[in-house]
Amino acid sequence: MANKSVLGVFSDADTAANATDVLLEAGCAQEDFDVLTGCPYPEGAFGEKEPVHHIYVFPLVGALMGLCVALLLTAGTQLAYPMITGGKPILAFPAMTIIGYEGTLLGAVIFTILGIIFESRLLRPRLDPYDPRITDGYIGLLVTCPENKLDVMEQALRRGSAVDVIHEKGRKSQT
Amino acid sequence: MQERVRLDDAQINRDLLNSIFETPKWYWPLVGGLGLIVLTGFAAAGYMINHGVGVTGLNRPVMWGFFITNFVFWIGISHAGVMLSAILRLVQAEWRRPATRAAEVLTVFSLMTAMMMPLIHAGRPWRVMYWVFPYDFARGVYPNVRSALVWDPAAVFTYLTSSILFVFIALVPDIAVLRDRSTGWRHILYTVLALGWRGSVRQWKLQLIAGILLSAIILPIFVSVHSIVSWDFAAAMSVEGWHSTVFAPYFVIGAVHSGVSAVVTVMLILRWMFKWENYIRKEHIESLAKLLIVVATTWFFFFLLEFLFGLYSLEGPEVALRELQVFQMPWKGLFIAFLLTAYFIPVPMWMFRKVRRSIGLMLFTTILVNIGMWLERFIIFIPGLARKQSFTFTWGGYTPSPVEIVIIGATFAMVSMLVLLFSKVFPLIPLGDAKEGMILHDEIKIGKVTVPAVKREE
């Protein structure tokens, strides 16, 4: 059975944190709900599971690739036009180090950005279910579960004092 | 004592997005006026390209003048930004919150402006491509990577790319706020730029990691950029006063001095323009002023080192150059003005709490610093070139032409205009940071006094 999502909107952080207990009691696993907020809250404020990520690998790979490209460019261009200037060797290490340094850091930055986008699960075509009030200070509890459990979760969210419960299709029900 | 006012998220959104959704009466006339100055600058640059660099005051032996001085000045301003933002993020300074975005945006626009300067200076801007782009253009000639003039574009390009990406990734959560509040074409634009941001725990965690990780990577770039800019001069052996080993740290700390001052100037103007008194508070300005005292004094130490080591060599031409800078007009006047404006007026004033908390005086002193730092670069570059050759009949001077003055003036208008235009599209104070600050803010009662406090995770 396909998984569906339902979003409970709460007026404040304390109510949302208490509602997560109601969700757990209703049989929702910790990894099946996510908390949507308008600003960062301290880790574990809603009893959520700590996300696992591999972001630190990205800058390392980027740095390595940047260094390789920089060395290839500096060495390649100098060997392609081997003119001695100022008595320095064609492949002058100090000069190559400078370009190599910049290339390394540029690669690290670009890959970090790509890593952040990938690991944050951004670039998703669909936002639904979502509520713009989240960026106004409301807290969203997004529950993903099999379709047949959707009603149970909706009831749990309501028992947890959700201001609104929003379904994937955009159907909104008042508590 | 902090003057923090407790505000809810909706109020923060309303206040900080007012620059985007409301247009004050002065906004478009001001942008239009600045735009006119920028257009005049482009017209002057076009005239110079058409008629040749003969319309400038550049002539043998002084072939680097206002444009290169201005290039180094704007590179310096750009350093404030990311450096300030990066260090404050890394040390989790609570008062960083209103300063980071303005600092980062100033970095991007001043770097763009700085990059234009050598292009204009070249006289034939399109030829710069042959000198720096690693492609032979069917001539079989590649750029010389052993030249400091190739290191420079590599470093500035890296810094500009990194700064733009840094600003963008930090903007994503704020763009999502705009997406949720806008309609029409703006909604479409913000929806695309928000990249599907929802504010999940995972997204916020990675956003915080991004801030720290990118800060840690960009700091070494920041140090390298102004070091390499200084090597444009220090690697030239034949110019007195330039060939100095202390130039790299001296330039870097000078850049920080002028850059942090520029950030304070911009913050004060924004506070006044958009009525952001609850966000850019006097305690923030006071903290920045304290930082400036340390930075300015470190810079002054390097200035003394550079100057005294020049004299200590007892080499005739070097001593003669210092004599020219300090005792002969017009350099004498500029030298005194530079010392007064860059250090001896502002720093003693910042010692007083009343000055540090005075908006008018802080605006005045931070503008003074940047006048001084512009003069500093001018005094370093021109006298050395004027006495470049050993024979007196080859000595020269430099007087900027109206074309150069117009172009330089236009660069200041351009950065101001770009910051204003940015404020119309994106928030200049990070909304998420301001909201997080409110969550972590607390008041603790100790004995008979209630003390403002900030909660932080260990």
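B:A43 is found in helix α3 of chain B, where helices (H or I, at least four residues) and strands (E, at least two) are DSSP runs numbered from the N terminus. With 14 C-beta neighbours inside 10 Å, B:A43 counts as partly exposed. For burial, C-beta atoms are placed from the backbone: a residue is buried if 20 or more other C-beta atoms lie within 10 Å of its own, exposed if 12 or fewer, and partly exposed in between. B:A43 and B:V172 are 129 residues apart in sequence, and their C-alpha atoms are 36 Å apart in space.

A word on the model itself. It is predicted, so local features need pLDDT of at least 70 and side-chain atom pairs count only at pLDDT 80 or more, while totals for chains, interfaces and linings use all residues. Residues are numbered from 1 along each chain as its sequence is written, and chains are lettered from A and ligands numbered from 1 in the order in which they are written.

**Chain A**

Chain A has four helices and five strands, and along the sequence they follow the pattern β-α-β-α-α-β-α-β-β. The C-alpha trace of this chain spans about 80 × 30 × 25 Å along its principal axes. Its radius of gyration is 25 Å, whereas a compact globule of 175 residues would have one near 16 Å; the radius is taken over C-alpha atoms, and the globule rule is 2.2 Å times the number of residues to the power 0.38.

The domain assignment, with bounds from an automatic or database source, gives domain 1 (3-51 + 129-174) and domain 2 (57-119) of chain A. Taken over C-alpha atoms, the centres of these two domains are separated by 47 Å. Of the 175 residues of chain A, 41% count as buried. Among the contacts in chain A with a separation of 6 or more, 81% come from residues 24 or more positions apart; two residues are in contact if their C-beta atoms, placed from the backbone, lie within 7 Å.

**Where the chains meet**

In total, 51 residues of chain A are in contact with 52 residues of chain B. On the chain A side, the elements that give two or more residues are β2 (33-36), α2 (57-80) and α3 (93-119) of chain A. The largest share, 15 residues, comes from α3(A). By type, this side of chain A divides into 31 nonpolar, eleven polar and nine charged residues. Here Ala, Val, Leu, Ile, Met, Phe, Trp, Tyr, Cys and Pro count as nonpolar, Asp, Glu, Lys and Arg as charged, and the others, Gly among them, as polar.

**Cores and an enclosed helix**

The largest nonpolar core has 147 residues, and B:A80, B:A102, B:L106 and B:V263 touch the most other members. Such a core is a set of buried Ala, Val, Leu, Ile, Met, Phe, Trp, Tyr and Cys residues joined through C-beta atoms within 7 Å. Helix α7 (residues 148-181) of chain B gives the most to this core, with 17 residues. Apart from it lies another core, of 28 residues, including A:L36, A:F46, A:V143 and B:V201.

What does B:L106 touch, not counting residues up to four places away in sequence? The partners are B:I77, B:A80, B:G81, B:A262, B:V263, B:V266 and B:V419.

Helix α18 (residues 431-440) of chain B is largely enclosed by the rest of the structure, because seven of its ten residues are buried. The buried residues in α18(B) are B:L431, B:G432, B:D433, B:A434, B:K435, B:E436 and B:G437. Their cover includes α1 (9-16), α5 (100-121), α7 and β1 (441-446) of chain B.

**Backbone details in loops**

| Residue | Backbone feature | Loop |
|---|---|---|
| B:P61 | cis peptide bond with B:R60, omega about 0° | between α3 (27-51) and α4 (66-90) of chain B |
| B:P330 | cis peptide bond with B:M329, omega about 0° | between α12 (316-327) and α13 (331-344) of chain B |
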